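Me: I'd like to go through this one by question and answer. Could you take me through the salt bridges, a helix and the pocket?

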Amino acid sequence: MGRMLSRGSSYYKRLLAIPAEKILCIDTETTGLDPRKDEIIQLSMIDGHEKSIFESLICPPTRKRWPNAQEINGITPKMVKGKPELEEVADQVQEAINAADLIVGYNLPFDVSMMEAEGFDFSGKEQYDLMEDYAQVFGRWSSAKGDYLWTKLTTAAKHYGIKFAAHDAGKDARATIKLFYAMLSDPEFMTAAVARDRAYVKIQEEAEKAAQKQEGQKVTCLIVATVFLGMIILSIIEFISWLSSCAR
């Protein structure tokens, strides 16, 4: 995460006002966590009505084994054999992205980075990551990390009574879209989010004042230094002038 959010209640009201069919929730299962070398092995894209836009296991073109990821998501090389490669369905997937007004997800930056590595274009699309927002409102602060701790989707979903089997892209996406509407309609979340925003604004204002004060101190020091240097130069000129008069 690494940054404090500042949005205000109007932001959430605007997101909730977006027609459900124009919201696209995405979730991926992958061979690992590195977009530079890992690949997508399952992709789910649903709208705000939980209608399936695209859902399929994906056959990765290069990776043949992913034992560490397999322990988590349960997807084996045998399961993806004969399934489409992303290149085969790229037009359908990109059309879904293009048609959306809002892209949502849980740990969305990861899913987007994996898809962008595969050539998909999200430029100009508004994105909303539930994980970051949930952590900053209901999460626990870590002084050691200087950030809010990452919260699992199962934990956030449980907070709103949403039950599902994790690490399946389709089930994760449906839990995420349920969480989206539950969280943004929750007065408790809204109150806490607005309080967070006010605190953030105050921190920003204090930081700006401190920066201005520091800048003012720098200017003062520069003026003093300039005046002092000018006095030294003037003294040197007068001394040289005195020596010249003595030499005559």
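This is a predicted model: local features need pLDDT of at least 70, side-chain atom pairs count only at pLDDT 80 or more; totals for chains, interfaces and linings use all residues.

Me: Which residue does Arg 174 meet in a salt bridge?
Reply: A salt bridge here is a side-chain nitrogen of Lys or Arg within 4 Å of a carboxyl oxygen of Asp or Glu. For Arg 174 the N to O distance is 2.8 Å, and the partner is Glu 55.

Me: How many residues apart in sequence are the parts that this pair ties together?
Reply: Helices (H or I, at least four residues) and strands (E, at least two) are DSSP runs, numbered from the N terminus. Arg 174 lies in helix α8 (residues 169-184) and Glu 55 in strand β3 (residues 52-57), so the parts tied together are 119 residues apart in sequence.

Me: Asp 34 and Arg 36 also meet in a salt bridge. Is Asp 34 buried or exposed?
Reply: The N to O distance in that pair is 3.1 Å. Arg 36 is exposed, with a relative accessible area of 76%. Asp 34 has 16% relative accessibility, so Asp 34 counts as buried.

Me: What is the distance between the closest N and O atoms of Arg 14 and Glu 126?
Reply: Arg 14 counts as partly exposed at 40% relative accessibility, and Glu 126 is partly exposed too, at 24%. They form a salt bridge, and the closest N and O atoms are apart by 2.6 Å.

Me: How many residues of helix α6 are buried?
Reply: Helix α6 covers residues 130-138 and is mostly covered. Among the buried residues are Leu 130, Tyr 134 and Val 137.

Me: Which residue's side-chain oxygen reaches the backbone nitrogen of Met 131?
Reply: Look at the start of α6. The oxygen comes to within 3.2 Å of that nitrogen, and it belongs to Asp 129.

Me: How many charged residues are in the lining of the largest pocket?
Reply: The lining has 21 residues, with Trp 150 and His 167 among those nearest the centre. The lining also includes 8 nonpolar and 8 polar residues, and the charged ones number 5.

How values were computed. Residues are numbered from 1 along each chain as its sequence is written. Side-chain values use heavy atoms; hydrogens and water are left out. Buried means under 20% relative accessible area, exposed over 50%, partly exposed in between (1.4 Å probe, protein chains only). A polar contact is a pair of N or O atoms within 3.5 Å; within protein, one must be able to donate a hydrogen and the other to accept it, and residues adjacent in sequence count only if both atoms are side-chain atoms. On a 1 Å grid over the protein atoms alone, a cavity is a set of points where a 1.4 Å probe fits but cannot get out, and a pocket is an open set with protein on both sides within 12 Å along at least five of seven lines; lining residues have an atom within 4 Å of a point. Ala, Val, Leu, Ile, Met, Phe, Trp, Tyr, Cys and Pro count as nonpolar, Asp, Glu, Lys and Arg as charged, and the others, Gly among them, as polar.
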